[in-house]
Amino acid sequence: FTPLPGTGTYGLMKLRNDLTVDTSFLSGISLSGFSTGLSLPDGSALVGGSFGGYSGAPASFLMRVTPTGSIDPTFNNNFALSGGWSPSISAVAACPTGGFIIGGSFTEIQGLSRPALARISSNGTIDPTFVPPLGMSPYIPPKNITGLPDGRFYVVGTLADASLLWISNLYRFNPDGTLDSTFTSPFDFVQSYTIASNGDLFVAGDHIFETPNTYPNLVRVLPSGAIDPTFAFTLDRTPESLLAD
């Protein structure tokens, strides 16, 4: 977006609690390929997408912005991606055990083979111990990554060896990047999911390969991926986004 009147802030802005623009955050950021972000506890933020520069400074695909809106020189802001239709970062999540999980349209990152998923340290270096043997397809970029306290994580997308690349399921991965085979997606096409503060997992999706298509489209899921029969909430359309306290 263009500069808001009287602020000089455009592309990325920080709002105060009363929803007024925090003019101390002078990002001046203008990214044609901004697609995801993550607020960090210290007031900084990770910004991901398909961009290639920031206020004249070298930055590509993923960068960290300080609380005042400048690029953080202590973070590796120069990522090299290749593979997929058009290389980009589409999702980022914090790991409770440290660092971040990133997903996107790529098969290589920093010259290392990573099938649309990678783990990076808090300063942006690639974690060499995280090498998904299967990973995700770069043609349906992963989205909605959520880390769990034990290091496992959920992600919506398509597995790298899927025969139907347009199908997006919910998967759970182990901390080392292997697929958690104890979890099965409750739908064959997942739109969104959210995890409540008590750990409950809610998933919205469809059974595309069933005729007629089954409802309720919104379910509460047990740790195994089985639908919790005690939760009943019928909708005639699948929610595109979910948020739970």
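Which residue is the bridge partner of E108 in β8? It's S113, and that pair turns up again in the legend for View 2.

A few words before the views. This is a predicted model, with local features needing pLDDT of at least 70, side-chain atom pairs counted only at pLDDT 80 or more, and totals for chains, interfaces and linings using all residues. Residues are numbered from 1 along each chain as its sequence is written, and side-chain values use heavy atoms, with hydrogens and water left out.

**View 1. The whole protein has zero helices and 15 strands.** Helices (H or I, at least four residues) and strands (E, at least two) are DSSP runs, numbered from the N terminus. Of the 245 residues, 46% are buried, where buried means under 20% relative accessible area, exposed means over 50%, and partly exposed is in between (1.4 Å probe, protein chains only). The accessible surface is about 11,900 Å², with 57% of that belonging to carbon and sulfur atoms; these areas come from the Shrake-Rupley method with a 1.4 Å probe, and for residues only the protein chains shown count as cover. Take the contacts (heavy atoms within 4.5 Å) with a separation of 6 or more: 36% of them are between residues 24 or more positions apart.

**View 2. β4, β7 and β8 make an open sheet, in the order β4-β7-β8.** The pairing here is antiparallel; two strands pair if DSSP finds at least two bridges between them. β4 (81-82) and β8 (112-113) are the edge strands, each pairing on one side only. Two bridges join β7 (residues 108-109) to β8, and here is the opening pair again: E108 with S113.

**View 3. Another open sheet of three strands runs β10-β11-β12, again with antiparallel pairing.** At the edges stand β10 (143-147) and β12 (169-173), each with a single partner strand, so one side of each has no neighbour in the sheet. From one strand to the next, the twist averages 20° (axes are lines fitted to C-alpha atoms, for helices over the stretch in contact, and angles run from 0 to 180 degrees between N-to-C directions). β10 and β11 form a hairpin with five residues between them, and G151 in the turn has a positive phi of about 95°. Three bridges hold that antiparallel pairing, and T146 sits opposite Y154 in β11.

**View 4. Here's β11 (residues 153-157) with its other partner, β12.** The two run antiparallel and are joined by five bridges. V155 stands opposite Y171 in β12, while V156 faces L170 in β12. Five of the five residues of β11 are buried, so the strand is largely enclosed by the rest of the structure. Both of its faces are covered, with F153, V155 and G157 on one side and Y154 and V156 on the other.

**View 5. The largest nonpolar core has 16 residues.** A nonpolar core is a set of buried Ala, Val, Leu, Ile, Met, Phe, Trp, Tyr and Cys residues joined through side-chain atoms within 4.5 Å. L46, L62, F79, I89, I102, I109 and I120 have the most contacts inside this core. The elements giving two or more residues to it are β5 (88-94), β6 (100-105) and β9 (117-120). Leaving aside neighbours within four places in sequence, the contacts of L46 include L38, L62, M63, F75, V92 and F100. There's also a second, separate core of 14 residues, with A91, A93, F153 and F173 among them.

**View 6. F202 and F231 form one of the aromatic pairs, of which the structure holds seven.** Rings of Phe, Tyr and Trp (its six-membered ring) pair if their centres lie within 6.5 Å; planes under 30 degrees apart count as stacked, over 60 as edge-to-face and the rest as tilted. The F202 and F231 centres are 5.4 Å apart and the planes lie at 70°, so the pair is edge-to-face. This pair links distant parts of the chain, 29 residues apart: F202 is in strand β14 (residues 201-206) and F231 in the segment after β15 (218-221). F202 is buried at 15% relative accessible area, whereas F231, at 22%, is partly exposed. Elsewhere, ring pairs link F130, F153 and F173 into a cluster.

**View 7. G43 sits in the loop between β1 (34-39) and β2 (45-49).** At 36% relative accessibility, G43 is partly exposed. G43 and P67 are 24 residues apart in sequence and 5.0 Å apart in space, C-alpha to C-alpha.
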